[in-house]
Amino acid sequence: MIRDPESFNILLDTIERFVRERLIPREAEVADTDAIPADILQEMRGMGLFGLTIPEQYGGLGLTMEEEVLVSMTLCLASPVFRSIAGTNNGIGSQGIVIDGTEAQKKHYLPRLASGELIGSFALTEPGAGSDAGSLTTTARRDGDHYVLNGAKRYITNAPEADVFTVMARTDLKSKGAGGVSAFIVERDTPGLSVGKPDRKMGQRGSHTADVVFDNVRVAAANLIGGKEGVGFKTAMKVLDKARLNIAAVSVGAAQRLLDEALNYALERRQFGQPIAEFQLVQAMLADSQAELYAARSMTLEAARKRDSGAGITLEAACCKLFASEMVGRVADRAVQIHGGAGYMQEYAVERLYRDVRLFRLFEGTSQIQQLVIARNLIRSRR
Ligand code: COS
């Protein structure tokens with residue numbers, strides 16, 4: 001659903017201009033320095049990019065899902081690293097509070113997440129609990145008006161920058177499954193919470209992940225999301241449904257950029273006396289990329305409209321995340337292939353983007369987890 005097409009188009013045009021004039025020219029600098037420049041961060045805050053999805057009454061832009069995916073597709077025409085710093089505030093770092101938080105939790109945290117004053121982060125994965133997220137072992141033991149958290153989280157996006165974490169921890173110590181998990185809002189400066197050194201990753205330089213360790217971290221019971229124990233895994237899954245659809249949009253944006261780079265190169269580069277775009281074997285790679293990109297874009301928009309209508313989209317979000325993240329992998333591979341030897345060189349953006357997009361098939365649920373979610377939902381609906 002697009003609420004007001006005229007003002008939404010102005011927003012999209014503004015973001016597209018920002019992408020082309022401000023972000024793309026700074027991509028190499030971000031990769032070289034492994035940091036997003038402070039002036040760019042400030043501009044992003046000023047444009048409201050940290051609060052796209054946070055409801056208007058808490059200071060955000062309150063975008064619908066259709067609006068959100070269109071913004072992500074546009075923003076990700078630039079390196080996906082720029083999206084990533086605001087991505088947790090718009091997605092997994094705020095949505096637990098938006099979807100299941102109490103009114104007091106929303107009022108306290110959402111306005112500062114929306115403005116970008118606080119950076120949010122989502123701590124689910126652990127050294128021993130990745131795809132099997134329900135088996136997590138971080139514990140939260142009730143002690144008077146507090147819970148005491150112990151355990152470790154791994155590969156947590158934006159942990160080095162984060163001010164506030166949504167942490168999934170086990171409150172029912174007797175249960176080993178998803179039903180014993182609760183979700184908490186934990187502030188960075190709480191004694192006993194420490195963040196490890198940033199991980200050294202294959203790509204996405206400028207976006208950081210790290211371990212987060214909890215050593216007798218005392219969290220006020222008021223920070224139990226929704227004030228209810230035992231529903232934290234469901235909160236996490238609801239957050240991930242929405243986030244997966246957004247990653248499909250991120251994949252579509254990145255694929256469009258890769259195809260643009262490949263097409264430009266194919267038109268400029270001459271071999272055998274003509275631009276390589278004239279060769280049918282190159283044309284086949286361009287055409288397959290365009291067709292798959294169009295399919296991913298269409299399904300992502302369709303699923304977003306379905307969510308805006310109030311319907312559940314667990315199956316659709318998994319389909320979109322699976323197809324679009326695999327699609328961008330193929331498009332990236334062809335973009336490098338079309339560039340030939342140049343595609344292996346760091347001076348060409350496709351070399352970096354090829355590494356960056358590899359993440360999309362892994363995070364927020366691997367492709368295999370999306371397959372499992374799709375199949376389970378199919379079988380359940382038939383039964
Ligand atoms: N929305 C709401 N509730 C959901 C849900 C969803 N999308 N998915 C599952 N649930 C509920 C189930 O209904 C079930 O509730 P009941 O016990 O009341 O029936 C509960 O959550 C447990 O669900 P399930 O039995 O399906 O859990 P599993 O342990 O089998 O795990 C998968 C399900 C594998 C899908 C889940 O662990 C997963 O998504 N893993 C990947 C984790 C991930 O994406 N990590 C990325 C890191 S975070 S950036």
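A polar contact is a pair of N or O atoms within 3.5 Å; within protein, one atom must be able to donate a hydrogen and the other to accept it, and residues adjacent in sequence count only if both atoms are side-chain atoms. The views below come from a predicted model, where local features need pLDDT of at least 70, side-chain atom pairs count only at pLDDT 80 or more, and totals for chains, interfaces and linings use all residues. Residues are numbered from 1 along each chain as its sequence is written, and side-chain values use heavy atoms, with hydrogens and water left out.

**View 1. Residues around the ligand.** Serine 131 uses a backbone N or O atom, 2.8 Å from a ligand nitrogen. Lysine 234 places a polar side-chain atom 2.7 Å from a ligand oxygen. Threonine 314 has a polar side-chain atom 3.4 Å from a nitrogen of the ligand.

**View 2. Helix H8 beside helix H10.** Helices (H or I, at least four residues) are DSSP runs, numbered from the N terminus. H10 covers residues 314-339. Its axis comes within 8 Å of the H8 axis, and the two cross at roughly 20 degrees. Axes are lines fitted to C-alpha atoms over the stretch in contact, and angles run from 0 to 180 degrees between N-to-C directions. H8 and H10 are therefore roughly parallel (under 35 degrees). The crossing is left-handed: the near helix is turned anticlockwise from the far one by less than a right angle. Their contact (heavy atoms within 4.5 Å) has 20 nonpolar, 4 polar and 4 charged residues. Here Ala, Val, Leu, Ile, Met, Phe, Trp, Tyr, Cys and Pro count as nonpolar, Asp, Glu, Lys and Arg as charged, and the others, Gly among them, as polar.

**View 3. Helix H8 against helix H11.** H8 spans residues 232-268 and H11 spans residues 349-357. They pack at about 155 degrees, with axes 10 Å apart. The pair is therefore roughly antiparallel (over 145 degrees). This crossing is left-handed. H8 brings Ala254, Arg257, Leu258 and Glu261; H11 brings Ala349, Val350, Leu353 and Val357. By class, that is 6 nonpolar, no polar and 2 charged residues.

**View 4. Helix H1 with helix H4.** H1 (residues 5-23) and H4 (residues 65-75) cross at roughly 20 degrees, their axes coming within 9 Å. That makes H1 roughly parallel to H4. The crossing is right-handed, with the near helix turned clockwise. Among the H1 residues that meet H4 are Phe8, Leu11 and Leu12. The H4 side includes Glu67, Leu70 and Thr74.

Note on methods
Angles under 35 degrees count as roughly parallel, over 145 as roughly antiparallel, 65 to 115 as roughly perpendicular and the rest as oblique.
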